[in-house]
Amino acid sequence: MEIGLFTFGDVGADPVTGCSVSPAERLRNLVEEIVLADQVGLDVFGLGEHHRPDYAVSAPAVALAAAATQTNRIRLTSAVTVLSSDDPIRVFQQFATLDNLSYGRAEIMAGRGSFIESFPLFGYELDDYNTLFTEKLQLLMQLNESERVSWPGGQHTPAITDRGVYPRPYQEKLPIWIAVGGTPQSVARAGVLNLPLALAIIGGEPARFAPLFDLYRQAAQRAGHDPATLKTSINVHGFVADTTQEAADIFYAPQAEVMNRIGRERGWPPTSRSHFDAARGPRGALFVGSPAEVTDKILAAHEIFRFDRFLIQMAIGVLDHAKLMRAIEILGTKVAPEVRKALDLKRRTA
């Protein structure tokens, strides 16, 4: 199983110290985090695309490219690319460039995004939310299949007549994942298209999302694909430190600040420390605790979902860079080896 990290590159004021973190500082720190994740043996690092003042990453491929030549094995992915408001040709070219810089470690995680600011920014209508994604995903997949492309055009994309698209990836094809937030129709579409699925779980009991993976595999099978070949991932919030109390105390303030700020925009009720502590319990969605606790929770989730990849967003909100670097070190040197050891033992004794 692959274990990795993702972040949006949060900027602003540290809710504990009040110190301000600029985009320049956050991006420099981000490269250090990716390099460390590679050094300690983590498998994947993802960056999410946003176009808001509270996030530094609006161009994931550019930020990932800054780390590509300083790393050796870690896979570099968007998390996510908001394909609906982007040009599929440029997305493909950017990640093909990243793939060549990294000698075959680039991936695209395509999604419709959890924010809407990119639609008016790039001149798209929210009423076209679904058709934009569907059409542009089809074009992106075709670009990935063939060097020369003919495309009839559509409601949102112009026609292309036998044109080459360059550079080609270092890999034979770029891995394209579909990222979803729990919509059954999106899950089924990923299965029909035979694309790997990343499911974001940021609230409630994770077990209640398990039927979505069943739906995904059933949709793939009905479309003539082998479900056993399809990869799945869960993407969660969490933090690991040397002790349970330390992990909770470090993570709570920045995570709560983000969730309450976004909640005010969307009408969610405010969170509290008691809500946070409940969510980091055995049945909650937060993976927060000591190395042993986080290891056990990942293994328990794997029993439910049978996923191939586990990504954790530890850098949610603005938090101390040194503490985050220590958390990445623990995740790579203590949690990931124990998870892999336990799963390997289970396979050998099955």
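The model is a predicted one, in which local features need pLDDT of at least 70 and side-chain atom pairs count only at pLDDT 80 or more, while totals for chains, interfaces and linings use all residues. Residues are numbered from 1 along each chain as its sequence is written, and side-chain values use heavy atoms, with hydrogens and water left out.

**The whole protein**

Begin with the entire chain in a cartoon view. The protein has eleven helices and 14 strands; helices (H or I, at least four residues) and strands (E, at least two) are DSSP runs numbered from the N terminus. The radius of gyration is 20 Å, close to the 20 Å that the globule rule gives for 350 residues, so the protein is as compact as a globular protein of that length. This radius is taken over C-alpha atoms, and the rule is 2.2 Å times the number of residues to the power 0.38. Along the principal axes, the C-alpha atoms fill a box of roughly 60 × 50 × 40 Å.

Next, select residues 1-304. An unreviewed UniProt entry places the feature "domain: Luciferase-like" here; UniProt positions are given in the numbering used here, feature names are shortened, and annotations may be inferred rather than shown by experiment. Over residues 1-304 the chain is 42% helix and 19% strand, and the end C-alpha atoms are 14 Å apart.

**First helix pair: α3 and α5**

Two packed helices are described by the angle between their axes and the distance between the axes. Select α3 (residues 88-101) and α5 (residues 129-145), whose axes come within 9 Å and cross at roughly 40°. Axes are lines fitted to C-alpha atoms, for helices over the stretch in contact, and angles run from 0 to 180 degrees between N-to-C directions. The helices α3 and α5 are therefore oblique to each other (under 35 degrees counts as roughly parallel, over 145 as roughly antiparallel, 65 to 115 as roughly perpendicular and the rest as oblique). Their crossing is right-handed, the term for a near helix turned clockwise from the far one by less than a right angle, left-handed being anticlockwise.

Show the side chains at the contact (heavy atoms within 4.5 Å): Pro88, Ile89, Val91 and Phe92 of α3, with Lys136, Leu139, Leu140, Leu143 and Asn144 of α5. These residues divide into seven nonpolar, one polar and one charged. Ala, Val, Leu, Ile, Met, Phe, Trp, Tyr, Cys and Pro count as nonpolar, Asp, Glu, Lys and Arg as charged, and the others, Gly among them, as polar.

Move to α6 (residues 184-192) and α7 (residues 210-222), which pack at an angle of about 40° with their axes 7 Å apart. That angle makes α6 oblique to α7. Contact residues in α6 include Pro184, Val187 and Gly191, and those in α7 include Leu212, Tyr216 and Ala220. The contact has ten nonpolar residues, one polar and no charged. The crossing of α6 and α7 is right-handed.

Now select α10 (residues 291-305) and α11 (residues 321-349); their axes come within 9 Å and cross at roughly 40°. α10 is therefore oblique to α11, and passes α11 in a right-handed crossing. Among the residues that meet are Val294, Ile298 and Glu303 in α10, and Lys334, Val339 and Leu343 in α11. By class, this contact has nine nonpolar, two polar and four charged residues.

**Backbone details**

Finally, display the backbone atoms. A cis peptide bond, with omega about 15°, joins alanine 79 and valine 80. Valine 80 is in the loop between β5 (75-78) and β6 (81-82).

The peptide bond from tyrosine 166 to proline 167 is also cis, with omega near 0°. Proline 167 lies in the loop between β9 (160-164) and β10 (176-180).

End at aspartate 162, in strand β9. Although not a glycine, aspartate 162 has a positive phi of about 50°.
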